[in-house]
Amino acid sequence: MESTTKAAPKTIPLKKACQAYPNHLLRKARQDRGWSQQKVAELIEAPQSFLVSRWEGGRAIPSPIYREKLCLLFGKSSQELGLLTPPRSACHSQEHTTGYDPIIPPVSLNTSRLIGRDRLLGQLKESLLYPTAHSVTALSGLPGIGKTALAAALATDPDIQQHFAGGILWTGLGPSPQWHSLFAHWSNLLGVPQAKPSSLISGEMYLQALRTAIGSRRMLLIIDDAWNREDVLTCMIGGPYCTYLLTTRIPYVATYFARQQAFQVPVLPGEESIQLLIHQVPALVHVEQEQTKPLVQAAGGLPLALILISNYLLLHASPHQPRRLQNAISKLQQVKERLQISYPQAGLYRDQRLSAGTALTLQTIIDISIAKLDKTARQVFFALSAFPPNPYSFSEEAALAVTGTTIETLDLLVDNGLLEVSGSGRYLMHQTLTDYARLQRTTTLAEKRLITYVVTYLEQHLQGKRKLEQEQYLILYALPLALQLDCQTEFVRCISALTPSLCTKGWFPLIEMFLQEMWHIAHNIEEYHRSLTLILIFLNTYLREQNVPGSAEAILQKIQVTAHPVQPLENKEPTSET
């Protein structure tokens, strides 16, 4: 989407209604085809048939997108269909009066459109233009997910500007809103004498003066980066014909005000993440996908992460020195490097949420959320990074066991947008948040608690197939972690409990890999060797009963159990201890 900057007058004028000029050419083209207005709306994918009625009646003019679709539909030019905009002097309606807030953030210089957001932008436009029940549409999502970019794109959309002809106001709140500056700015735009309220009563009178100035204008008020309900309510100064667009990283704030018109902004899928990177850095077309794939996975579909990565790569993309791009890709494999890549901050393109001189990085954006937590909640957030990140989820039971916290603290992290709910009683953390949290920890206590939880869970649910499948990925994640942290006893107990389930799934290469590791552990420890022997007895018997010739022998030979020959194991049956 192209970035446009509109000069706003000091005040937003209120003008008289103008005369409508019926579009007989468009109506005749439709009637010649024998189509109804509803039929035309369906053919051009307009959300409501009354739009066609307004166009034919001259009460509105189609946006460029719909003008193009109408021309293609009827095989005529804009002039032949009477779709050209009438002279400005012919219209004095408030419906065609524009007054747009000059502090609306410009769309990024580095991208001409919001890749992967077309469908969501369409839904948001429909929600703003044709609200179902509430005058509030809300966006919620992770830090860096692109909520502000979406709001700015909507504010500069021709259809939105035409509909909200009374003007568009913008405010960025953040954790600590600067109320005096905010209302002084709106006062300038609305022509209200500035005041410095010294009490609650005078403050309310000041807000009422702003509301009176708006009157019956049809305006869009964009409240960006709201952190609590009270701040949002303070900004709701619009009249009866005003609509609000709210962005927040706090899910319950979005739901509270917008109800069914609350949209959670999703991460970008893998293909669109790659598309964004290549759009920003065309030189990546010549780079092997195996090299860029880890970067895409590390970004986790987070637009800000992808843009920061692409900016960094762009600086090192020299057509005559491909090694520089290769070196930059290698450097970004390090978590700390990715979190600290900075984005240029200057002039109109400075992120107003950050103080002057502060670089825009993934770390500084996440820091804003972390600063709102108390010490206990921070430690819980850091400990949750012991779990594998999104797309893998973990249970509430596991989260409580690993962090030693309470349900209330988990709720607090959800309410602050740092932990996502993934189905009933399950959670997940984004890759970037996990990376950030892991850098803050200096011990592996959380990982060891996770391994202990997995061992206990396995031994408690040996016969529960559904329970084992539910935590299958977490179990497989914990096994190499146990080896890495030298938790040998826990590893052996896991393999002893898990082997029957892996056999049922037919995952024999995985069994072989784990047993190889177990053999190295058990070589000089009798207790572990006994466990290994029992597993081999079970495995051999299972494979024979399932009529899988050769598999048992191959696995046993690869494991090289020299201390206990294969033959005695074949004559034994699995015991209850397996």
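Mentor: Happy to. One term to begin with: a charge sits over a ring if NZ of Lys or CZ of Arg is within 6 Å of the ring centre and within 35 degrees of the ring normal. Keep in mind too that this is a predicted model.

Trainee: Got it. So where does the charged end of R259 sit?

Mentor: Over the ring of Y256, 5.8 Å from the ring centre. R229 also has its charged end over the ring of Y256, at 4.9 Å from the centre.

Trainee: How many aromatic pairs are there in the whole structure?

Mentor: A search of the whole structure gives 12 aromatic pairs. One of them is Y256 with F257: the ring centres are 4.9 Å apart and the planes stand at 80°, so the pair counts as edge-to-face.

Trainee: And Y256, is that buried, exposed or partly exposed?

Mentor: Partly exposed, because its relative accessible area is 39%. F257 has a relative accessible area of 9%, so F257 is buried, as the limit for that is under 20%.

Trainee: What about F491 and F514, how are their rings arranged?

Mentor: They make an edge-to-face pair, with 6.3 Å centre to centre and 75° between the planes. F491 belongs to helix 25 (residues 488-505) and F514 to helix 26 (residues 508-522), so this pair ties together parts that are 23 residues apart in sequence. Both F491 and F514 are buried.

Trainee: Switching topic: how many residues are in the largest nonpolar core?

Mentor: That core has 170 residues, and L313, F381 and L384 are those with the most contacts inside it.

Trainee: What does L384 touch, leaving aside neighbours within four places in sequence?

Mentor: L384 is in contact with F394, A399, T403, L410, L413, L419 and M429.

Trainee: Last one: where is R27?

Mentor: R27 is in helix 1, which covers residues 24-33. With a relative accessible area of 24%, R27 is partly exposed.

Trainee: And what is R27 in contact with, again leaving aside neighbours within four places in sequence?

Mentor: E56 and G57. R27 and G57 are 30 residues apart in sequence, while their C-alpha atoms are 8.7 Å apart in space.

Key:
Residues numbered from 1 in each chain as written. Predicted model: local features only at pLDDT ≥ 70, side-chain atom pairs only at ≥ 80, totals over all residues. Heavy atoms only, no water. Core = buried A, V, L, I, M, F, W, Y, C linked by side-chain atoms within 4.5 Å. Buried < 20%, exposed > 50% of the residue type's maximum accessible area, 1.4 Å probe, protein only. Contact = heavy atoms within 4.5 Å. Helix = DSSP H or I, 4+ residues; strand = E, 2+ residues; numbered from the N terminus. Phe/Tyr/Trp six-rings, centres within 6.5 Å; stacked < 30°, edge-to-face > 60°.
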